[in-house]
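My notes follow the order in which I looked them up.

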Amino acid sequence: MDSSYGVSKLLLLLLAASIATALPETKPGSGQINSNSVLVALLDSHYTELAELVEKALLLQTLEEAVGRHNITIFAPRNDALERNLDPLFKSFLLEPRNLKSLQSLLLFHILPRRITSPQWPSLSHHHRTLSNDHLHLTVDSPTLRLKVDSAEIIRPDDVIRPDGIIHGIERLLIPRSVQEDFNRRRSLRSISAVLPEGAPEVDPRTHRLKKPAPPVPAGSPPVLPVYDAMSPGPSLAPAPAPGPGGPRHHFNGEAQVKDFIHTLLHYGGYNEMADILVNLTSLATEMGRLVSEGYVLTVLAPNDEAMAKLTTDQLSEPGAPEQIVYYHIIPEYQTEESMYNAVRRFGKVKYDSLRFPHKVLAQEADGSVKFGHGEGSAYLFDPDIYTDGRISVQGIDGVLFPVEETPAKEIKPAAPVVKKVAKSRRGKLMEVACKLMGSRFIPCQ
């Protein structure tokens, strides 16, 4: 600490007081001190760090009045103890202007309004009131006969003796409970100051408008957000599980459900390629599990091995191609063979949303079953209801579906310039005969 200004100010104050009084000792009740005061001894000893804290705490006048009324006892940590053992965060906390009361309470906690020397120690009562209105506990350690004040040991008893007070050197700073609690409270507030407080306005990234507080959703209810907002680029960024009725902690155990349906595909037979893509080639199994844990429901149109074998290397070699293929085969609804067949039978054609937004899967009735897709790229519902647990439905199909890509409009060739032609009037048979007989002298024949 830089104590030159505070020390010089204190010396000038003490020098002026000594000249004004010209007394060798402190006169009780005078409110003034001289150069032989215990306060001056703090500046010319091993306790200058403590003296600077007194200056920063604006306690000079308070201590002058205390010295003027009675003797005092100061339990002072040495400079090296304050520099070595004091937490830097706690030190900065004490020096903040808003924590002036805590610094004053801390310093006054080290001062007793009476004179206590080391020989008096065993004969005194254990508790003594300090200038901060707290109590210090003075004890003698029985095995070593060392003097202690609270939990600090007196390492230099009777280190400084003056007519108006005495200083005992202690091993470390004494911290009253009120100051410790204030420091803990400030530290807790500081640690959460970067967290967005509850109730603060939030902006919806989709609409760029302020979000309205959502009403409470009971456990097991469908998710409020669309499934596309819950999807993430990687499993590590997926949302945390929402409360649900299943699982040991009342969560939907989506990962276990996805693992269960993949095992069902393997045991069912003929869908090994689809299971391999979900588990080994992509992280879609993990992402699907997190979606189900969030409360979403899914219907998987699973192409069989024969259909997957028709995929070319070009179709699978593009970056992210396996994911995009599988996304187009996942419908964010819970559909069974019965529900889909009833829908296409009643409405003819039905378009289902897919996770490959904004593409939709077309379904229509064909030969008493459900056909998906368009034209040659269509696939039939081949193995219905391979897996249905109320949240995940797996329907086997005999082809791989691809969305219909929008073909660019053909270029329209510029039209040739229109040449206006004047049609010649046709002459009838009678007029032709007249022209032959009369020759070109007849005007209509010209």
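**Helix contact**

I began with the contact between two helices, where Leu-50, Leu-53, Val-54 and Lys-56 of H3 meet Leu-100, Leu-103 and Leu-107 of H7. By residue class, I find that this contact of H3 with H7 divides into 6 nonpolar, no polar and 1 charged. I note that the model is predicted.

I then looked up the geometry of the pair. The axes of H3 (residues 48–56) and H7 (residues 100–108) come within 10 Å and cross at roughly 135°. The crossing of H3 and H7 is left-handed.

**Thr-73**

I located Thr-73 in strand E1, which spans residues 72–77. Thr-73 counts as buried because its relative accessibility is 0%, the cut-off for buried being under 20%. I followed its side chain to two backbone atoms: the oxygen of Arg-114 at 2.5 Å and the nitrogen of Ile-116 at 2.9 Å. Beyond four places in sequence, the contacts of Thr-73 include His-110, Ile-111, Leu-112 and His-168. I also checked Thr-73 against Thr-117: their C-alpha atoms are 8.4 Å apart, with a separation of 44 residues in sequence.

**His-168**

Is His-168 buried or exposed? I record His-168 as buried, since its relative accessible area is 0%. A polar atom of the His-168 side chain lies 2.8 Å from the backbone oxygen of Ile-116. Among the residues that His-168 touches, I list Thr-73, Phe-75, Trp-121, Arg-156 and Asp-158.

Technical notes: Residues numbered from 1 in each chain as written. Predicted model: local features only at pLDDT ≥ 70, side-chain atom pairs only at ≥ 80, totals over all residues. Heavy atoms only, no water. Buried < 20%, exposed > 50% of the residue type's maximum accessible area, 1.4 Å probe, protein only. Polar contact = N/O pair within 3.5 Å; in protein donor to acceptor, adjacent residues only side chain to side chain. Contact = heavy atoms within 4.5 Å. Axes fitted to C-alpha atoms, helices over the stretch in contact; angles between N-to-C directions. Helix = DSSP H or I, 4+ residues; strand = E, 2+ residues; numbered from the N terminus. Left-handed = near helix turned anticlockwise from the far one by under 90°. Nonpolar A, V, L, I, M, F, W, Y, C, P; charged D, E, K, R; others polar.
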